[in-house]
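Please read them alongside the sequence and the coordinates.

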Amino acid sequence: MTPPDHTATAPTPTAMDPRRAMDRRDLAWYVDRAAQALVFVGGISAIIFILGIFVFVTKEGFDFVFGSLDVGEFFTSIAWRPTSNNPTYGALALMVGTASVTGFAMLFSVPLSLGAALYIAEFATGKTREALKILVEMLAAIPSVVWGFVGMSIMNPLIIETFDVPLGLGVLNAGLILGLMAAPIMTTIAEDALKAVPDTYREAAEALGATRWEVIRKVVIPASRNGLLAAVLLGVGRGFGETMAVLMASGHAINIPTSPFDSVRALTATIASELGDTVTGGNHWGALFTLGILLFVVTFVINLTADIVVRGIRKK
Amino acid sequence: MVDGSPALDGSGALGGSPALDVAAAPATVNAGTGPLYGEPPIIEVRDLTIAYDGQPALRDISLDIFRHEIFGIIGPANSGKTSFLRALNRMDGFNPGMDVRGSIRLNGKDVNDWRNVYALRSRIGVVFPLPVGLPLTVYDNVAFSPRLRGIRKKVDLDEVVERCLTRAALWDEVKDRLDSLGSLLSGGQQQRLTIARALSQEPELLLLDEFSIAVDPVTTMRIEDVLRELRSELTIVLVTNLVQQARRLADRTAFFLMGEMLDIGVTEDLFEGKVTDERTTGYIEGRYG
């Protein structure tokens with residue numbers, strides 16, 4: 001008895017796709033390479049642009065920072081008098097202005113946005129849900145100058161009337177406007193984070209007898225903590241960098257605020273309103289770029305902190 | 001049998017009349033910890049019909065489940081087994097398209113008459129096909145339900161966690177890593193964790209939905225041992241796609257096919273061919289699945 005001939009059943013090379021069998025680089029191979037290269041360029045360009053902007057901003061402010069800048073004055077004085085005969089560049093009031101407006105905005109916007117996200121993600125159903133999502137996203141599309149307009153012509157008289165104060169342009173006004181501007185993006189990101197929590201968690205928790213609110217508080221929010229934190233930080237970043245609306249609604253007066261009705265001036269608004277009137281390369285020009293570096297560094301620190309916090313949570 | 005008096009002769013019901021005897025309780029029962037066929041059932045289901053967006057999933061199911069019994073439900077996919085379980089603890093709220101008709105009574109009270117559905121659910125433990133470890137530590141997973149009930153003291157929680165993990169045959173494996181995430185356990189350990197979690201509710205009814213789908217055979221056997229022991233404390237409804245698992249565990253078994261209950265009876269009787277519908281035997285013998 002001869003052993004069965006196994007080789008007879010093996011597929012012969014001719015049975016394969018002849019082009020593959022011949023080890024030739026076909027169209028699919030080149031397309032693959034091209035696609036990889038294209039995606040690489042897309043990915044790397046983000047890094048290049050960020051570095052480019054940083055280098056540019058730093059370069060423009062460099063001479064001023066190491067030449068004429070009095071660091072102590074910059075951080076502790078409120079005297080921002082770049083056009084005076086004896087110019088001083090104290091940016092404390094501007095920093096406090098930006099911080100107070102952003103802080104106030106977050107104070108009112110974070111609960112509002114997280115509440116909206118919770119409602120949309122956990123409770124709203126069907127048409128209500130869809131309508132809300134679309135409306136929230138439409139809010140994000142309103143140009144900032146329109147928000148500034150709202151701050152000047154609607155909020156300003158409203159604040160004057162309601163609180164009986166002489167001027168309605170200040171921390172309160174700018175904070176509310178900024179809060180409303182940051183709310184859509186925070187709501188959308190937070191809602192995505194909540195929706196990313198698998199429904200099986202909700203079912204399992206409810207099967208254990210948890211109420212809807214207990215499920216949200218003990219399961220959904222802890223599980224989506226990273227995303228919610230990211231949403232809040234994006235909102236902070238939005239508030240920090242916003243220029244036009246803050247310029248219009250804050251009163252744009254150099255001042256350390258002692259009440260929500262006081263006018264302030266933000267870092268961003270200062271750059272926007274003064275850069276056009278400066279001598280290129282002069283001290284004032286350099287000082288404005290220094291403000292830019294400051295903004296850049298603070299944003300960087302916020303993002304880095306967020307990253308570390310998020311990583312810390314993840315590790316735990 | 002609808003009046004609640006249990007049958008003393010299960011085989012008689014399986015004979016002539018085409019209508020299934022919903023109570024179909026056997027005369028002989030295991031002594032001691034066995035099913036209490038002489039007492040009113042814990043679950044009475046009458047004319048249960050479930051539809052999803054108008055598509056029927058379960059039609060006119062009537063059956064009784066008795067205390068301290070392991071009640072098996074077998075049948076191929078899409079037979080309505082899971083829908084049946086979901087109706088028992090009113091998980092229909094999760095699916096707006098799910099329409100439940102008929103009546104389900106737990107201890108004589110219709111589940112739809114419960115004013116606090118969360119209290120109802122807390123009395124019924126559920127184990128899902130794929131283990132759902134909440135994104136919490138092993139300890140917090142098991143302590144979740146006790147905390148909902150207001151147990152706050154560490155020493156009390158420790159006691160509950162150890163007891164439930166021990167009963168689920170998991171304590172020895174996880175006692176040194178109670179603070180690590182439940183999702184880091186192996187699949188079989190996670191499923192035992194969900195059983196421990198269900199037990200932490202101190203439920204009177206435990207629903208298991210194809211619990212062994214993602215569990216290796218050795219762990220499956222361990223869990224089956226656990227379930228046999230648990231029968232002395234509570235009532236178990238075991239939905240399974242493993243016919244032999246029903247044979248090993250269930251006191252009585254119902255066969256669901258395409259949304260209908262074709263057979264119900266003492267498990268051994270079904271496996272010995274005492275059926276009302278030929279298709280039951282066909283399924284049990286694996287001629288289709």
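**Notes on the sheet of chain B and the A/B interface**

1. Helix H7 (residues 187-200) of chain B lies across E6 and E7 of chain B, and runs at about 175° to E6(B). Contact means heavy atoms within 4.5 Å. Axes are lines fitted to C-alpha atoms, for helices over the stretch in contact, and angles run from 0 to 180 degrees between N-to-C directions. Helices (H or I, at least four residues) and strands (E, at least two) are DSSP runs, numbered from the N terminus.

2. This is a predicted model, in which local features need pLDDT of at least 70 and side-chain atom pairs count only at pLDDT 80 or more, while totals for chains, interfaces and linings use all residues. Residues are numbered from 1 along each chain as its sequence is written, chains are lettered from A and ligands numbered from 1 in the order in which they are written, and side-chain values use heavy atoms, with hydrogens and water left out.

3. In chain B, six strands form an open sheet with mixed pairing, in the order E6-E7-E8-E3-E9-E10. Strands E6 (124-127) and E10 (260-266) of chain B are at the edges with a single partner strand each, so one side of each has no neighbour in the sheet. From one strand to the next the twist averages 15°.

4. Strands E7 (residues 205-209) and E8 (residues 235-239) of chain B pair in the parallel sense over five bridges; pairing requires at least two bridges found by DSSP. Asp209(B) is opposite Val239(B) in E8(B).

5. A salt bridge (side-chain nitrogen of Lys or Arg within 4 Å of a carboxyl oxygen of Asp or Glu) joins Glu260(B) and Arg59(B), with the closest N and O atoms 3.5 Å apart. This pair links distant parts of the chain, 201 residues apart: Glu260(B) is in strand E10 and Arg59(B) in strand E2 (residues 55-65) of chain B. Over all chains, the structure has 34 salt bridges.

6. At the interface, 17 residues of chain A are in contact with 20 residues of chain B. The two chains bury about 1700 Å² (accessible area lost on being put together, 1.4 Å probe, summed over both), with 71% of it on carbon and sulfur atoms. Glu203(A), Ala207(A) and Leu208(A) lose the most area in chain A, together 37% of what that side buries.

7. Two salt bridges are counted between chain A and chain B. Glu203(A) and Arg86(B) meet through their side chains in a salt bridge at 3.4 Å, N to O.
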